[in-house]
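Okay, thanks everyone, I'll keep this short. Have a look at the structure on the screen and I'll talk you through a few parts of it.

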Amino acid sequence: MQKFSIFLAFLFILASCKNNPSTKLDSLESSAIAQRSQTNKQHPGKRILEQECYLCHNPKASRESMIAPPMEAVKMYYIGENTTKEQFTEDLIKWVNDPEAVSKIPDAQFEFGSMPYIPYPDDAIAQIAEYIYDYDIERPKWYDEALKEGDGKGILINRDIISKEILNKNANIGMAHAMVAKTALGKHLVKAISEKGTIGAIEFCKTNASSITDSVSVMNNVIIKRVSDKPRNPENIANDEELGYITYFQKLVAAGREPKPIVLREDGEVDFYYPITTNAMCLQCHGKPTEQVTPKTLTTLKNLYPSDQAVGYDVNEVRGIWSLKFDSED
């Protein structure tokens, strides 16, 4: 009898929990939060934001190495108390299509310069706008502190003139290293072409290109890589971060904009990225098969580089980047 009474009491407590309004409410709230979190992860605007916009507006970048304002700042300046989603979407589309126009973040435009024009479809921009408007987006670790420094008035990156001078100095140093390597490779390549023709130049590159770059690296105490999304030598495949920069430079050059080096400085080291673009001479080995690249050249490439992907280019296209790492000058 006592066991039966305990059993009834258990059923009563269980029924009370099921009928408790607050318990139901908590359950509904938890379910809504979980559903919202899942929707957040699946939203197409989030994917575009992370794969495209964060190439420059990277929330994980240090304060000194930002090359564009964080998207949290864009959200703060462009979305006010009375701003509708439709208005924000319209403003974002207008801005991306005409980045030379007057910005709602004039401090950022002054500090970073105008955003390069990149021809994104309006529907893709609308998806980005919807995600930014409806959800919390990732913000840099230093962002809240930056707001406090500026009394909560907005972006206030406030990278001082010294930091800017350091970044410019490191950009010049990185460019100098890349050009020294390019000149060394170019000089030997032109000589090989004049003495042995295109076939001989391919054989020369297979044997000597890496050692020439390594030699320049050692002499200048800098790590120099030439990487590509479509490498000829499998050792030159770009990593995930480098692939992002290649995509950025490809869009920039395709839009007719002059690329500037990307310089990221952290913990006393500099990461430097700059595009490798094709010219007419490059097309002998990197152009369209059977058009610029002769059948004999294609056969040689296949024999020396069985997994070659570095063909099909036209003049002034990005086929890779210089990826350098060296000690910061500060």
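Predicted model: local features only at pLDDT ≥ 70, side-chain atom pairs only at ≥ 80, totals over all residues.

The chain has twelve helices and four strands. If you take the contacts with a separation of 6 or more, 72% come from residues 24 or more positions apart. The accessible surface is about 19200 Å², and carbon and sulfur atoms hold 54% of that.

On to the inside. The largest nonpolar core has 49 residues, and the members that touch the most others are Leu 49, Ile 132, Tyr 248 and Phe 249. Take Leu 49: setting aside residues up to four places away in sequence, it touches Tyr 54, Met 71, Ile 128, Tyr 131, Ile 132 and Ile 137. There's also a second, separate core, with 21 residues, including Ala 181, Val 216, Ile 276 and Leu 324.

Now helix H5, residues 85-97. Its 13 residues reach 18 Å from first C-alpha to last, close to the 18 Å expected. Which residues of H5 are buried? They're Phe 88, Thr 89, Asp 91, Leu 92, Ile 93, Trp 95 and Val 96.

Is Ser 103 buried or exposed? Its relative accessibility is 11%, and buried means under 20%, so Ser 103 counts as buried. The Ser 103 side chain reaches the backbone nitrogen of Ile 105 at 2.8 Å. Leaving out neighbours within four places in sequence, Ser 103 contacts Tyr 78, Gln 109 and Trp 95, and Trp 95 is one of those buried H5 residues.

Conventions:
Residues numbered from 1 in each chain as written. Heavy atoms only, no water. Helix = DSSP H or I, 4+ residues; strand = E, 2+ residues; numbered from the N terminus. Expected span 1.5 Å × (residues − 1). Buried < 20%, exposed > 50% of the residue type's maximum accessible area, 1.4 Å probe, protein only. Contact = heavy atoms within 4.5 Å. Areas by Shrake-Rupley, 256 points an atom, 1.4 Å probe, with all protein chains shown as cover. Core = buried A, V, L, I, M, F, W, Y, C linked by side-chain atoms within 4.5 Å. Polar contact = N/O pair within 3.5 Å; in protein donor to acceptor, adjacent residues only side chain to side chain.
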